[in-house]
Each structure stands twice: as structure tokens, then as C-alpha cells.
Amino acid sequence: MKERLEFGRRLNRLIARVEAWSYADSDAGAGLPVEVARELKALAAGAASPALKQGVRRAQDALDDGLSAEAVAAALYQVRAQLDAGGAQGVSPPPPPSPSR
């Protein structure tokens with residue numbers, strides 16, 4: 001559980017950083033993509049499940065392919081959704097409660 005929370009915190013920090021890069025009015029410089037790539041690699045290494053690791057790798061691939069910051073962020077949003085849905089434990093989230101009658 002602690003690993004999952006730490007992964008989530010690191011993921012959210014990285015998403016915020018990529019969003020800032022995306023919305024920057026000027027060129028962020030050559031160093032930022034290199035730093036993001038380093039953070040993606042570390043995040044993948046700490047992923048709590050193969051599915052989460054694969055999602056982070058999709059973000060890495062988007063960055064490596066020279067896609068926009070928005071494409072990298074979109075891949076990270078998918079990882080966050082998977083994490084929120086319980087993907088870190090490899091189980092499906094519980095079904096929603098049935099409506100009361």
C-alpha cells in the first residue's frame with residue numbers, strides 16, 4: 001500500500017511537470033525532456049504492477065518518438081486512471097453499489 005501511494009505521488013508530480021511544460025509560453029529548453037525521460041525511467045522501475053509499468057513505458061515511447069507534451073501527459077493520465085482503479089494490485093475495482101429501491 002505504501003509503495004502504491006508513493007508511486008501515485010511521484011506520478012502526480014511528473015504529470016504536473018509535463019503539464020507545465022505543455023503550457024509553457026516559450027521553449028522549455030533541451031534539458032527538460034531529458035529530465036522527464038529520467039523521471040519516467042525511475043517511475044517505471046518503481047511501478048507496482050506490470051500493467052502500470054507498461055503504461056509508463058507508453059509515455060516514454062511518446063517522449064522518445066518526439067510527440068508533444070500533451071501526448072506524454074495523456075499516457076500518464078491513463079496510468080493514473082489505472083492506478084485509481086486498482087491496477088497496481090492487478091485486481092479489478094469493486095462494482096459500484098446497486099441503486100436503492
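Figure 1. Of the 101 residues in the chain, 33% are buried. The model shown is predicted. The chain exposes about 6500 Å², and carbon and sulfur atoms supply 53% of this area.

**Figure 2. Helical elements of the chain.** The secondary structure consists of four helices and zero strands, and the elements follow the order α-α-α-α from the N terminus. Among contacts between residues at least 6 apart in sequence, 59% join residues at least 24 apart.

**Figure 3. Packing of helix α3 against helix α4.** Helix α3 covers residues 50–64 and helix α4 covers residues 69–84; the two pack at an angle of about 175°, and their axes lie 8 Å apart. Because angles over 145 degrees count as roughly antiparallel, α3 is described as roughly antiparallel to α4. On the α3 side, the contact is made by Ala51, Leu52, Gly55, Val56, Arg58, Ala59, Ala62 and Leu63. Helix α4 contributes Ala71, Val72, Ala75, Leu76, Gln78, Val79, Gln82 and Leu83. By class, the residues of this contact comprise 12 nonpolar, three polar and one charged.

**Figure 4. The largest nonpolar core.** This core holds 24 residues, of which Phe7, Leu11, Val18, Val36, Leu40 and Leu76 touch the most other members. Two or more residues come from each of α1 (2–23), α2 (31–45), α3 and α4. Helix α4 provides the largest share, seven residues.

**Figure 5. Surroundings of Val36.** Val36 is one of the core residues that touch the most other members. Apart from neighbours within four places in sequence, Val36 is in contact with Leu14, Val18, Trp21 and Leu63.

Terms used: Residues numbered from 1 in each chain as written. Predicted model: local features only at pLDDT ≥ 70, side-chain atom pairs only at ≥ 80, totals over all residues. Heavy atoms only, no water. Buried < 20%, exposed > 50% of the residue type's maximum accessible area, 1.4 Å probe, protein only. Contact = heavy atoms within 4.5 Å. Areas by Shrake-Rupley, 256 points an atom, 1.4 Å probe, with all protein chains shown as cover. Axes fitted to C-alpha atoms, helices over the stretch in contact; angles between N-to-C directions. Parallel < 35°, antiparallel > 145°, perpendicular 65-115°, else oblique. Nonpolar A, V, L, I, M, F, W, Y, C, P; charged D, E, K, R; others polar. Core = buried A, V, L, I, M, F, W, Y, C linked by side-chain atoms within 4.5 Å.
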